Amino acid sequence: MIEHMAKKSPAKGAPSLDDARLRQQAIGAKLRQMFDEVVNEPVPDEFFEILRRADARGSENGG
Amino acid sequence: MNTTSLRAPPEAKRDAAFKQQLVALIPQLRAFARTLTGDPTAADDLAQDAMMKAWDARASFEMGTNMKAWTFMILRNQFYSEKRRSWRQTQLDQEAAERTLVAVDDPAAPVALDELRLGLAMLPEEQREALVLVGAGGFAYEEAAEICGCAVGTVKSRVSRARRALQGILDRGDYSRDGAAAGEAMGSILAQAERLSGAR
């Protein structure tokens with residue numbers, strides 16, 4: 001797929017295995033943070049309103 | 001639990017229990033939708049649609065089973081069944097990407113949130129969703145496989161490819177520091193991401 005993969009010799013400053021692991025941990029932590037930030041946002045009232053209306057509609061129709 | 005619910009017919013009680021669980025999942029659904037669409041407004045529309053689909057299908061849900069996985073699957077299906085390319089494309093502003101991605105000197109350095117968002121947006125969709133489900137959503141590979149409708153091994157390989165690709169994209173900020181054409185590198189990443197997501 002990628003031709004230049006053949007040049008396997010590590011370039012100057014190429015990340016070591018440990019560095020790569022640290023990077024992955026940092027990325028993983030950030031990914032969770034990004035997700036959790038949205039999880040922790042207050043839920044807009046619209047959501048509850050829509051559900052409340054749907055529930056009321058269902059009850060009127062006899063469940 | 002109040003007296004009215006005790007006197008209510010079993011269906012109503014079940015509905016109330018279902019609704020309570022569904023409401024508790026809204027924050028998670030919003031977060032998953034946000035990672036899929038990349039746009040807060042579109043994400044909330046999607047999450048609301050998924051919530052209503054789940055509500056309408058409540059009779060088919062077996063109480064006591066994994067409602068989170070079930071609702072995530074509904075949301076995901078909803079996302080793919082709707083017009084989604086326009087959402088994603090407005091997100092992928094190439095100039096913004098070039099501006100925002102910066103070189104990484106320290107491997108342990110914290111990853112900037114904006115960079116991660118951009119990087120995530122550049123991944124092929126199937127890799128992005130797999131990584132988000134497992135890496136942020138707290139799902140086991142088996143659950144993620146069920147949500148995505150694919151084999152467990154497929155999810156594992158998508159997650160691992162996503163991790164590598166994301167690191168590659170984030171670290172590619174080095175290009176601009178060397179004076180090499182960051183725009184060119186970014187352009188090819190974007191082209192590849194576009195090609196892959198279009199190939200579905």
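**Stop 1: where the chains meet**

Start by colouring by chain: the contact takes 32 residues from chain B and 24 residues from chain A, where two residues are in contact if their C-beta atoms, placed from the backbone, lie within 7 Å. On the side of chain B that touches chain A, the elements giving two or more residues are H2, H3, H7 (113-122), H8 and H10 (152-171). H2(B) supplies the largest share, 11 residues. Helices here are DSSP runs (H or I, at least four residues), numbered from the N terminus. Now colour that side of chain B by class: you'll find 19 nonpolar, 6 polar and 7 charged residues. Ala, Val, Leu, Ile, Met, Phe, Trp, Tyr, Cys and Pro count as nonpolar, Asp, Glu, Lys and Arg as charged, and the others, Gly among them, as polar.

Some housekeeping: this is a predicted model, in which local features need pLDDT of at least 70 and side-chain atom pairs count only at pLDDT 80 or more, while totals for chains, interfaces and linings use all residues. Residues are numbered from 1 along each chain as its sequence is written, with chains lettered from A and ligands numbered from 1 in the order in which they are written.

**Stop 2: Gln28(B)**

Select Gln28(B), in helix H2 of chain B. What does Gln28(B) touch, not counting residues up to four places away in sequence? Val39(A) and Lys68(B). Gln28(B) counts as buried because it has 20 C-beta neighbours inside 10 Å; the cut-offs are 20 or more other C-beta atoms within 10 Å for buried, 12 or fewer for exposed, and partly exposed in between.

**Stop 3: H8(B)**

Next, pick H8(B), residues 125-135. Since 9 of its 11 residues are buried, H8(B) is largely enclosed by the rest of the structure. Its buried residues include Arg128(B) and Glu129(B). They pack against H1 (17-39) of chain A, together with H2, H4, H7, H9 and H10 of chain B.

**Stop 4: H4(B)**

Move to H4(B), residues 67-81, which reaches 21 Å from its first C-alpha to its last. Show its buried side chains, among them Phe72(B), Leu75(B) and Phe79(B). The buried residues of H4(B) pack against H2, H3, H8 and H9 of chain B.

**Stop 5: confidence**

Finally, colour by pLDDT, the predictor's confidence in each residue, from 0 to 100. Chain B averages 80, and 68% of the residues score at least 70. Among its elements, H9(B) has the highest mean (97) and H11(B), residues 174-177, the lowest (31). Over residues 174-185 of chain B the pLDDT is below 50.

Terms used
Expected span 1.5 Å × (residues − 1).
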